[in-house]
Amino acid sequence: MNYKNFPMVSKIIFGRGSFNQLDELISPKRQGRNAPFIFFVDDVFKGNHWLTSRIRLSYKDKIIYIPTDEEPKTSQIDQLTEDIILEYSEQPSGIIGIGGGIVLDVAKAVALMLTNEGESKDYQGWDLIKNPAVYHVGVPTISGTGAEVSRTTILTGPDKKLGINSDYTPFDQVILDPELTKDVPNDQWFYTGMDCFVHCIESLTGTYLNAFSQSYGEKALQLCKEVFLGDHLSKEASQEKLMMASWHGGMSIAYSQVGIAHAMSYGLSYLLGIKHGIGNCIVFDHLDEYYPDGVDLFKQMKANHSIELPQDVCADLEDYQFDIMINVALSLEPLWENALGKNWKQVMTPEKIKALYQKM
């Protein structure tokens, strides 16, 4: 048996207000006046003095606001990379992503593409990246995706939605400041938190399960239950626990995989542009045949927070559109094998997937 030797985030700081230390954390990595730090910031923070005033710009440093109404595309990553290469005479000292999963994935992907030739679509898959990324830092401002700790950056390419999974993808430094999540709208907080919850259920019930994944997954699941089923937590405690649930949920995937909800939500995202967190919820709601206990808990959490999921998102689709989603979902073979075992193709046919999509 040949085991994978996974990298982890090498530096992490946790605590309310730790974002104030951003400058002192990254300054030692500055490579000179002409090697800027590029800050990718979620465009929800445009004009938000409370956050942006703490980003100190020196020399040629720059803030680039990233729109988050759509998931990251390979074309977007290539454009951002090219713009940076054309604008600066030297490689950036570092890329800092400040935002949710979309912005963190953009930061990881651009950091990789600055040191690897060609187009980002050529690196969608496992272990295709040859050169280490430039120094990159992740600052999550919403909790649940696990993007701050994962070794992938999920991109929608011309023909598939798939991550750049590599040993060079994880951040070199992460700043976990629970205070940064204080203004997240309730529905967004729920959908992104559910990304973590669904991670846990898929990882803990999967055939790839091992003690490493289990220990992180169980902790993340316990924290999710405290946050979404309890009513005794202060806002601060809830923010802190969900931030740690996201971290543990992301870690639980390192040595295992997610499952059916993620595979099918990629299909929804690829065809309909439905964002990942809400897509997971729409799918997971109908997976009681495969995850009975998890779906039961999910429905309780939904009721607890008065969440109404979008209905009939697939109602007007034609057969060829269903086929596109089915093909995207089925291409994620490790996810199906984790969920259903080695003979998953006998269990999960295209017809069965179509029937599930038709319920959504």
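Strands β4 and β6 pair in the parallel sense over five bridges, pairing here meaning that DSSP finds at least two bridges between two strands. The strands, like the helices below, are DSSP runs numbered from the N terminus (E, at least two residues, for strands; H or I, at least four, for helices). Before going further, a word on the source: this is a predicted model, in which local features need pLDDT of at least 70 and side-chain atom pairs count only at pLDDT 80 or more, while totals for chains, interfaces and linings use all residues. Residues are numbered from 1 along each chain as its sequence is written, and side-chain values use heavy atoms, with hydrogens and water left out.

Back to β6. As for burial, five of the five residues of β6 are buried, that is, under 20% relative accessible area, with exposed meaning over 50% and partly exposed in between (1.4 Å probe, protein chains only). Both faces of the strand are covered: H136, G138 and P140 sit on one side, V137 and V139 on the other.

Zooming out, β6 belongs to an open sheet of six strands with parallel pairing, in the order β1-β9-β6-β4-β2-β3. The edges are β1 (11–14) and β3 (62–66), each of which pairs on one side only. Neighbouring strands are turned by 15° against each other on average, direction ignored; axes are lines fitted to C-alpha atoms (for helices, over the stretch in contact), and angles run from 0 to 180 degrees between N-to-C directions.

Helix α4 (residues 101–113) touches β2, β3, β4 and β6, and its direction makes about 170° with that of β4; contact means heavy atoms within 4.5 Å. Helix α7 (residues 235–254) lies across β1, β6 and β9, running at about 155° to β9.

Now for helix α14 (residues 350–359), whose buried residues are I353, L356 and Y357. They cover an arc of only 100° around the axis, so they end up on the same side of α14, the arc being that of the directions from the helix axis to the C-beta atoms. The face turned away from that buried side carries the exposed residues E351 and K359. The buried residues pack against α8 (260–272), α11 (319–330) and α12 (333–340). Among the contacts of Y357, leaving aside neighbours within four places in sequence, are A263, L268, F322 and M325.

Helix α12 also holds L335, which counts as buried because its relative accessibility is 4%. The C-alpha atoms of L335 and Q257 are separated by 6.0 Å, although the two residues are 78 residues apart along the chain. L335 touches Q257, V258, G259, H262 and A263, not counting residues up to four places away in sequence.

Y357 turns up again in the largest nonpolar core, which has 61 residues; F190, F197, F284, L287, W336 and Y357 touch the most other members. Such a core is a set of buried Ala, Val, Leu, Ile, Met, Phe, Trp, Tyr and Cys residues joined through side-chain atoms within 4.5 Å. Helix α5 (residues 186–204) gives the most to this core, with ten residues. A second, separate core of 34 residues includes I64, A111, Y123 and V134.
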